[in-house]
Amino acid sequence: MKKVVLTMSLLAIAAAAQAQSSVTLYGRIDNGIQYENGLPQGHKISAESGDWGCSWFGMQGAEDIGGGTQVIFQLEGQLNTQNGQSAGALFGRHATIGFTNGNYGTFKLGNLGAGELSQDSWGVDPQVMQRYAISTLVRGRNWASAANGFEYTSPNFFGLTLKGQYDITNNYNWNSAGTGAGTGSTVGSAQGRTDGIEAVYDIGALELRGIYDEVRSANGTFDNVYTHSRSALGGGTYTLGPVKFYAGYQHLNAPQATDASMGFAGGLPAGTTAPTSVDHEWFGVAWQATAAAALTGAIFHANANNGNGNATMYTLAATYNLSKRTFLYTEFGYIHNSSTSNVDLGNDAFGPNTNQSVSPNASTTNPNYGHSQTGVFAGIMTGF
């Protein structure tokens with residue numbers, strides 16, 4: 001009889017422990033086909049992983065330690081599911097531990113990775129950061145990442161939530177990353193200190209979002225408007241029945257940017273030098289046509305200083321839900337460049353394409369100056 005009682009007690013303890021902690025494995029796979037023209041060598045058809053969104057695999061967990069507080073962790077890495085390889089470090093997207101409490105908020109520390117504040121701009125992006133979306137005209141600036149970080153998110157106060165981040169370099173110089181290689185390295189990296197703050201005001205049909213973040217170069221300066229710069233972004237959404245409206249504005253600033261710091265030599269149109277600021281505006285509408293089908297149209301525009309001209313991108317996208325976890329997608333994008341602009345559809349670096357420059361750092365997919373690009377892709381996404 002005593003043995004039975006002991007067994008039952010152990011089962012009860014195990015059940016209680018299970019209720020107080022959890023670990024979840026999760027992931028998603030995105031594969032599709034893409035066609036783009038206007039490339040330096042013509043056009044290309046390719047099999048792609050991540051046109052709608054990155055493929056990833058991760059785990060997250062929580063342990064209740066009492067008083068309404070939980071210890072939380074997250075490990076997540078990005079995958080190229082066309083070749084089965086890891087896209088970057090094993091847990092390059094997230095590797096954090098922290099605490100969360102409904103009354104006091106959430107604190108995390110570690111590799112914030114893809115949680116860098118600029119990536120929260122998906123919330124005001126009509127195309128939710130697909131391949132042709134908010135990052136395209138600013139050449140990937142809203143895909144910034146950060147390591148060695150600290151993050152705090154406040155509780156919701158009558159619809160208002162605040163988030164702040166600070167990411168250090170682990171170097172003797174507080175702002176710079178030393179001479180090592182690899183973003184986030186404790187010895188030194190290609191990226192210096194990053195920091196930022198975000199405010200979200202959500203009252204149901206209306207949501208407003210503001211983000212200010214700084215990403216410094218390895219030498220601690222703002223020397224590339226598209227990679228190491230200050231970004232101030234504001235936008236919002238308004239939902240009216242099955243229709244959701246999007247609008248936003250972003251200003252990028254890099255006062256130390258030069259031709260050399262942006263990694264190229266020659267090939268720019270006459271009178272053009274490295275841009276030190278970019279203004280970016282967008283507007284879009286999403287329509288939930290049926291329970292399964294949605295359509296989104298959006299226009300994005302960007303203008304860069306120092307003679308770099310402007311670009312406008314027109315997009316049209318659709319999704320169709322096959323189930324709660326699987327959907328089909330497609331998106332069409334068209335970029336029109338002014339005579340001194342050569343923004344492409346692939347978030348590539350500033351500079352002339354390989355047909356115009358012998359620089360080893362020149363982009364391989366930027367169109368010729370003043371030329372357009374067109375692209376379309378389709379695929380399937382499933383999550384688990």
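Guide: The dialogue below goes from the whole chain to its core, its rings, its salt bridges and its surface.

Guide: This is a predicted model, in which local features need pLDDT of at least 70 and side-chain atom pairs count only at pLDDT 80 or more, while totals for chains, interfaces and linings use all residues. Residues are numbered from 1 along each chain as its sequence is written, and side-chain values use heavy atoms, with hydrogens and water left out.

Visitor: How many helices and strands are there in the protein chain?

Guide: Helices (H or I, at least four residues) and strands (E, at least two) are DSSP runs, numbered from the N terminus. Here the protein chain has one helix and 18 strands.

Visitor: What percentage of the residues in the protein chain is buried?

Guide: A residue is buried under 20% relative accessible area, exposed over 50%, and partly exposed in between (1.4 Å probe, protein chains only). Of the 384 residues in the protein chain, 45% are buried.

Visitor: How is a nonpolar core read, and which residues have the most contacts inside the largest one?

Guide: In soluble globular proteins, nonpolar side chains tend to be buried together. A nonpolar core is a set of buried Ala, Val, Leu, Ile, Met, Phe, Trp, Tyr and Cys residues joined through side-chain atoms within 4.5 Å. The largest one here has 37 residues, and Leu137, Met262 and Val278 have the most contacts inside it. Two or more residues each come from β14 (277–287), β15 (293–304), β16 (310–321), β17 (326–337) and β18 (373–383). β15 gives the largest share, four residues. Beyond its neighbours within four places in sequence, valine 278 is in contact with residues including Val138, Val225, Leu252 and Ala302.

Visitor: How many aromatic pairs does the structure hold?

Guide: Rings of Phe, Tyr and Trp (its six-membered ring) pair if their centres lie within 6.5 Å; planes under 30 degrees apart count as stacked, over 60 as edge-to-face and the rest as tilted. The structure holds eight such pairs. In one of them, tryptophan 52 and phenylalanine 327 have ring centres 4.9 Å apart and planes at 70°, so the pair is edge-to-face. Tryptophan 52 lies in the loop between β2 (42–49) and β3 (55–66), and phenylalanine 327 in strand β17, so the pair ties together parts 275 residues apart in sequence. Tryptophan 52 and phenylalanine 327 are both buried.

Guide: Tyrosine 329 and phenylalanine 377 also form an edge-to-face pair, with ring centres 6.0 Å apart and planes at 70°. This pair links strand β17, which holds tyrosine 329, to strand β18, which holds phenylalanine 377, across 48 residues. Ring pairs link Trp52, Tyr132, Phe327, Tyr329 and Phe377 into a cluster.

Visitor: Are arginine 141 and aspartate 213, whose side chains meet in a salt bridge, buried or exposed?

Guide: A salt bridge is a side-chain nitrogen of Lys or Arg within 4 Å of a carboxyl oxygen of Asp or Glu. The structure holds nine salt bridges. One of them joins arginine 141 and aspartate 213 at 3.3 Å, N to O. Arginine 141 lies in the loop between β7 (105–111) and β8 (149–153) and aspartate 213 in strand β11 (residues 206–217), so parts 72 residues apart in sequence are tied together. Arginine 141 is buried at 1% relative accessibility, and aspartate 213 is buried at 1%.

Guide: Arginine 193 and aspartate 195 meet in a salt bridge of 2.4 Å, N to O. Glu198, Glu207 and Arg209 are linked in a network of salt bridges.

Visitor: Which residues make the nonpolar surface patch?

Guide: Patches are made of residues with over 30% relative accessible area and no salt bridge: like charges are joined within 9 Å, nonpolar side chains (Val, Leu, Ile, Met, Phe, Trp, Tyr) within 5 Å. The patch of about 830 Å² is made by Ile65, Ile97, Phe99, Phe107, Leu109, Phe150, Tyr152, Tyr166 and Trp174. At least two of its residues come from each of β6, β7 and β8. Leucine 109, in strand β7, is partly exposed at 33% relative accessibility.

Visitor: Which residues does alanine 95 touch?

Guide: Alanine 95 is found in strand β6 (residues 94–101). Not counting residues up to four places away in sequence, alanine 95 touches Gln74, Leu75, Leu109, Gly110 and Asn111.

Methods:
Contact = heavy atoms within 4.5 Å. Areas by Shrake-Rupley, 256 points an atom, 1.4 Å probe, with all protein chains shown as cover.
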